[in-house]
Amino acid sequence: MSPKKTKWSNWAKTEEIQPVTIKYPMTSEEIVAIVHGAKNEHKQIRVAGSGHSFTGVVPSKDILISLKDYSGLISVNVELKQATFKAGTTLKDAAIVLDQHELGFSNMGDIDVQTLAGAYSTGTHGSGILNQTLPNHTVSMKIITSNSQILLLDNPSDPKFKAAQVMIGALGIIIELTIQLETQYKLKMVSKKEKLDVCLENLEKYIHENRSFEFFWFPYTSTVQLKLANKTEEEIKHNRFTSYFSDIIMENKVWGVVCKFTKWFPRTAKYVSKLAGALISEGTKINLSHKIYVTPRLVRFTEMEYAMPMEQVKDVILALKRYIEREKIQVQFPVEVRFVKSDDIFLSPAYQQDSCYIAVHLYQGMNFEKYFKGCEQIFLQYGGRPHWGKIHYLTAKELAPKYPKWDSFQMIRREMDPEGIFMNDHLELIFND
Ligand SMILES: Cc1cc2nc3c(=O)[nH]c(=O)nc-3n(C[C@H](O)[C@H](O)[C@H](O)COP(=O)(O)OP(=O)(O)OC[C@H]3O[C@@H](n4cnc5c(N)ncnc54)[C@H](O)[C@@H]3O)c2cc1C
């Protein structure tokens, strides 16, 4: 374990701290010792996952821990389709090792570079109305608490379990996660271009007839890109054309250069959005589940995402469209729309409500405040709850009434960390009014 004084920043460069001491523990004993020391010295302690949250959920004034040296598979039970990982394991590494046991995640988001603990702690999700967010697959977890104890949570009806499934690092340090999995499966992903009004008319059908359905709407166009994925027994098939959309929009270096141009000349952004909409192509690809769910994101951006009640989807999309066009918002990235099944995790944005997650993005380094604040007004007007890892401007006062189990979570948080050693400035804002 070698502490280093260095700079830390998140992927989107919206959060930066310097200098900070980053500790890289290799054993649970070392993590316990760090927590013990922090408490004695009244120091703040936070864990950094892969830094893929856009909000200030990671920074620490005092000590930052990275679990990159505390990762890997601990055990697997093929019969129960469960596996236990050290908390710093990335989704990607987990998916690779699970595949060797013919197991796979029930669902994944757009990328796989997040750590398991980081992704779970912010309620990371994929798409599909029968799919819940990732932390719903927690079977058990081990957490190092502020009194340096290792707490095992393995009873889903224990309020502490429900609080810890999405806890943004506020209850302690997760060191192990046991996850419920599925027998590995192949997915066939169909990518289609469609008119926005046709997509909205057929929404129910797309949502209910596909394991995973999402769409991207391109501002200043009436074009959407549909992505429909279902289990298949067909042979693996790589179709170069089908990855065209993601190649062009999210992964491509050329796209990055074009976006940089829009940063210098923001008025060109809307033409870039139109170009992206025009470049969508159609096709099919078939592969193992984890290879279909995710795509690399080489072009960096900033993002806001809200979970909306299902019945509001159409109105929200149309309100966003009117807002972008009326205010002439310079945006080159599509609006992403996904669907998630309700759950009972205390701080899950999908708590007790099937949800439509709507995300807006802007190229990294562009001023996103006006765009995002305008979108947030719309999301709030229609009863949205923010994704914990993505930009939002809410504080405890606005967040509390959105979560029926808010007070239960707060009680558990105060009981588990009475001195607030796991708090930081961002958590003060969202938890303490
Ligand atoms: C390009 C990109 C694509 C994305 N796609 C999606 C998507 O498809 N769906 C979606 O829902 N989200 C998505 N996200 C958001 C991302 O999944 C979340 O923000 C996630 O939390 C990032 O994981 P991380 O490992 O980087 O965690 P970090 O951002 O580093 O940390 C997140 C939180 O977890 C806490 N934490 C980390 N490890 C531990 C631990 N061991 N114990 C306790 N607390 C811990 C941190 O302190 C922090 O509060 C995306 C983000 C980016 C940048």
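The following legends describe close-up views of a predicted model.

**Figure 1. A salt bridge joins Arg 338 and Asp 110.** The side chains of these two residues meet at 3.3 Å, N to O. Arg 338 belongs to strand E17 (residues 335-340), whereas Asp 110 sits in the loop between strand E7 (103-104) and helix H3 (116-121), so the pair ties together parts that are 228 residues apart in sequence. Arg 338 and Asp 110 are both buried. In the structure as a whole there are 21 salt bridges.

**Figure 2. Glu 303 and Lys 390 form a salt bridge.** Their closest N and O atoms are 2.8 Å apart. Glu 303 is part of strand E16 (residues 301-309) and Lys 390 is part of the loop between strand E19 (385-386) and helix H13 (396-399), so this pair ties together parts that are 87 residues apart in sequence. Glu 303 is buried, and Lys 390 is buried as well.

**Figure 3. Arg 338 also forms a salt bridge with Glu 336.** Here the closest N and O atoms lie 3.5 Å apart. The relative accessible area of Arg 338 is 2%, which is under 20%, so Arg 338 counts as buried. Glu 336 has a relative accessible area of 1% and is therefore buried by the same cut-off. Through salt bridges that share partners, Asp 110, Arg 297, Glu 303, Glu 305, Glu 336, Arg 338 and Lys 390 are joined into one network.

**Figure 4. The largest cavity holds about 120 Å³ of space.** The structure contains 2 cavities of 30 Å³ or more. Rolling a probe the size of a water molecule over the atoms shows where empty space is left. The lining of the largest cavity is made of 14 residues, and those nearest its centre are Ser 212, Glu 214, Lys 227, Ile 292 and Tyr 293. At least two lining residues come from each of strand E13 (212-217), strand E14 (223-232) and helix H10 (289-293). By type, the lining of the largest cavity comprises 5 nonpolar, 5 polar and 4 charged residues.

**Figure 5. The second largest pocket has a volume of about 180 Å³.** It is lined by 14 residues, of which Glu 15, Gly 56, Pro 59, Asp 425 and His 426 are the closest to its centre. The element that gives the most to this lining is helix H15 (residues 425-431), with 3 residues. The lining of the second largest pocket divides into 5 nonpolar, 6 polar and 3 charged residues.

**Figure 6. Phe 261, Trp 264 and Phe 265 form a nonpolar patch on the surface.** Together these residues have about 370 Å² of accessible area. Trp 264 is located in helix H8 (residues 253-264). With a relative accessible area of 57%, which is over 50%, Trp 264 is classed as exposed.

**Figure 7. Glu 419 and Ser 146 are 8.3 Å apart in space, C-alpha to C-alpha.** In sequence, Glu 419 and Ser 146 are 273 residues apart. Glu 419 is found in the loop between helix H14 (406-416) and helix H15. The relative accessible area of Glu 419 is 49%, between the limits of 20% and 50%, and Glu 419 is therefore partly exposed.

Definitions and conventions:
Residues are numbered from 1 along each chain as its sequence is written. This is a predicted model: local features need pLDDT of at least 70, side-chain atom pairs count only at pLDDT 80 or more; totals for chains, interfaces and linings use all residues. Side-chain values use heavy atoms; hydrogens and water are left out. Patches are made of residues with over 30% relative accessible area and no salt bridge: like charges are joined within 9 Å, nonpolar side chains (Val, Leu, Ile, Met, Phe, Trp, Tyr) within 5 Å. Accessible areas come from the Shrake-Rupley method with a 1.4 Å probe; for residues, only the protein chains shown count as cover. A salt bridge is a side-chain nitrogen of Lys or Arg within 4 Å of a carboxyl oxygen of Asp or Glu. Helices (H or I, at least four residues) and strands (E, at least two) are DSSP runs, numbered from the N terminus. Buried means under 20% relative accessible area, exposed over 50%, partly exposed in between (1.4 Å probe, protein chains only). On a 1 Å grid over the protein atoms alone, a cavity is a set of points where a 1.4 Å probe fits but cannot get out, and a pocket is an open set with protein on both sides within 12 Å along at least five of seven lines; lining residues have an atom within 4 Å of a point. Grid points are joined across faces, edges and corners, and a volume is the space filled by probe spheres set on the points. Ala, Val, Leu, Ile, Met, Phe, Trp, Tyr, Cys and Pro count as nonpolar, Asp, Glu, Lys and Arg as charged, and the others, Gly among them, as polar.
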